[in-house]
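Me: Please take a close look at the side-chain contacts in this model. Start with the charged pairs, then go on to the rings and the nonpolar groups.

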Amino acid sequence: LERLKEQWMVWLGGISIGLAGIFMVRYSIEQGLLGPAARVALSILSGLVLHGVAEWGRRYRGNYLAFAALAGGASSMLYAALLAALLLYQLLPPWLVFALLALVSLATMALAVLHGPVLAILGILGAYVVPLLVDTGSDSILGLYGYSLIITASAILLMHYVYRPWLWAYMLAGSLGWWFLSLTSPTADGFRGFYLFALAYLYLAMPTWDWLLRKADPPGTGGLKDAAWARAKSVQQAPLVHSLVLVIIAFGLSILAEDSITSAIYYWTPLVAVLLVAAGNRESLLWLPALSLAVQGLAWFLLCLDLSTVFRLAGFTGPDQSQFLVYAGWMTFLYFSLSLRNLYSGARNFLWAVLAILVPLFWLALGYLLVTDLSESILWGTVSVVLGVIYLALAAWRVNLQDRESLISIHTQYAVWLILAGHFAYSLAVAIMVREAGLTLALAAQLVSLAFVIQRFDQPKLGILLKVVLAIIVIRLTLNPWLLTYPSDLHWSLWTYGGATALAATATWILRGNVALRPWLEAASLHLLVLTLWAETRYQ
């Protein structure tokens, strides 16, 4: 605040210079004072003259902040003129305009090293605001995305020489800000995924010049909980994880904004692939591919909700069903293959094995929920059963490998997750093939699986997962909104409520010696028993 009090005239002057150049272009457009070529040429000439004055002042009068602000305003003029030349008048071919924009960005970056952060803020980061003020009305979202990527690359390049954490934060806000502003624009459909992919690649590659994404984490970097980046002195220690989390959230919102499954493979594959490849060598990014899987699964689920009258899962209809199945199959292959690639290429983290195990079941379950033709389908139920057989066979193979003492721990962990996946596959098969079974009963079956694994392999950490599943079942059956619509020809009270109660009681018996989990299971079993008696009375 003290620095702002001392320098407010400098900032005001720099902002005024930049706005003057921008509105000189805009005013001449609105009033028709000059021809298109004259308007652009006058703005470019003004920007170059001001840059010359700022450089002369820096050399002969000293390195004052006023000259840095003057140079920042001059760069804003040049950005505005070149954007108008491309998006409004088409005076120059796109490749030449983008080359000139890159040249202006590189020159501004070089001058910012000499002038300091004032020029960085007004010249580089202020460039993100220029298209809003020029307001060309051309709706050329591809040109604006390309412009934003040039400014982003220039900002990261500048931070190799003058790094400040707030500079990275402003760059992040500017680059993702253009994605956010285009979220409701139909002209951005089909380009958002490629833009987010390009941003993620720039964030990953440029700070460490890791163009093939093969380098490990630089010293001093960490995960989301590591706040050392706020005191970092190098762009290599920038908050990369935080930035990619925001990109993944933008990824999910983009799926909702597109509201279409057509060509989804081409739109969303690049971002998923770059996250998986980068995380294979950087330990701090390990959990980001799993986050991207969860976010896009939630996005597709929300996309199929019908909120017009009541809360109802409508699912895909018509040709969209087959297109979503193709997309789900491709995503299964992508996550599975790259997870195995990371597991066997040296990044032997157990998370890659878990992700590879769960991905096929994740997409199969999502397909069952969103593709209505899968309900009561013998074919898809058979696929789920086959998956269960494969998982349990692999689990038995892993357990048999425990005769090698050095590998007991890791093989036990593999076996645990393979057993859980196998049981979930069987539960999903029941939900698909048996009418009114639903995912609630399928989840209840997981209580027995989890209890067995916790007891057999001494895995107390899975107790949290068991409590979560237990809570979902109790809440679902307590607040069942579809009770009155169930048909009377099927004894749904005994099948769903009674089945869940029996499974909870079985899990309680298995963990009868577990002091921590037994009270939870006992209370839930009694609660479900009361619900069963009530539902049976209701049914009768």
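Reply: **Charged pairs, rings and nonpolar groups**

There are 6 salt bridges in the structure. The model is predicted. In general, side chains with opposite charges can pair when their charged atoms come close.

Begin with Arg58 and Glu55. Their closest N and O atoms are 2.7 Å apart, and the two form a salt bridge. Both sit in helix α2 (residues 36–61), 3 residues apart, so about one helical turn separates them. Glu55 counts as buried because its relative accessibility is 16%, and the cut-off for buried is under 20%. Arg59 joins in too: Glu55, Arg58 and Arg59 are linked in a network of salt bridges.

Arg518 and Glu522 form another salt bridge, with N to O at 3.6 Å. The two lie 4 residues apart in helix α20 (residues 518–539), about one turn of the helix. Arg518 is partly exposed at 34% relative accessible area. Glu522 is also partly exposed, at 37%.

Now take Glu258 and Arg192. Their side chains meet in a salt bridge of 3.0 Å, N to O. Glu258 belongs to helix α10 and Arg192 to helix α9, so this pair ties together parts 66 residues apart in sequence. Glu258 is buried, with 9% relative accessible area. Arg192 is buried as well, at 1%.

Helix α10 has a nonpolar side to its story. Leu246, Ile249, Leu253, Leu256, Leu298 and Leu302 make a nonpolar surface patch of about 480 Å². Two elements give two or more residues to the patch: α10 (240–258) and α12 (288–303). The most come from α10, which gives 4 residues. Ile249 is found in α10. Ile249 is partly exposed, at 43% relative accessibility.

Next, the rings. The structure holds 21 aromatic pairs. One of them is Tyr201 with Trp211: the ring centres are 6.4 Å apart and the planes meet at 40°, so the pair is tilted. This pair links distant parts of the chain, with Tyr201 in helix α9 (residues 192–205) and Trp211 in the loop between α9 and α10, 10 residues apart. Tyr201 is partly exposed at 24% relative accessible area. Trp211 is partly exposed at 42%.

Phe362 and Trp363 pair edge-to-face, with 5.4 Å from centre to centre and 90° between the planes. Phe362 is partly exposed, at 27% relative accessible area, whereas Trp363 is buried, at 3%. Both rings belong to a cluster linked by ring pairs, together with Trp300, Phe316, Phe324 and Tyr327.

The largest nonpolar core has 114 residues. Tyr203, Trp300, Phe324 and Trp363 have the most contacts inside this core. Helix α3 (residues 65–88) gives the most to the core, with 13 residues.

Technical notes. Residues numbered from 1 in each chain as written. Predicted model: local features only at pLDDT ≥ 70, side-chain atom pairs only at ≥ 80, totals over all residues. Heavy atoms only, no water. Patch = residues over 30% accessible without salt bridge, like charges linked within 9 Å, V, L, I, M, F, W, Y side chains within 5 Å. Areas by Shrake-Rupley, 256 points an atom, 1.4 Å probe, with all protein chains shown as cover. Salt bridge = Lys/Arg side-chain N within 4 Å of Asp/Glu carboxyl O. Buried < 20%, exposed > 50% of the residue type's maximum accessible area, 1.4 Å probe, protein only. Core = buried A, V, L, I, M, F, W, Y, C linked by side-chain atoms within 4.5 Å. Phe/Tyr/Trp six-rings, centres within 6.5 Å; stacked < 30°, edge-to-face > 60°.
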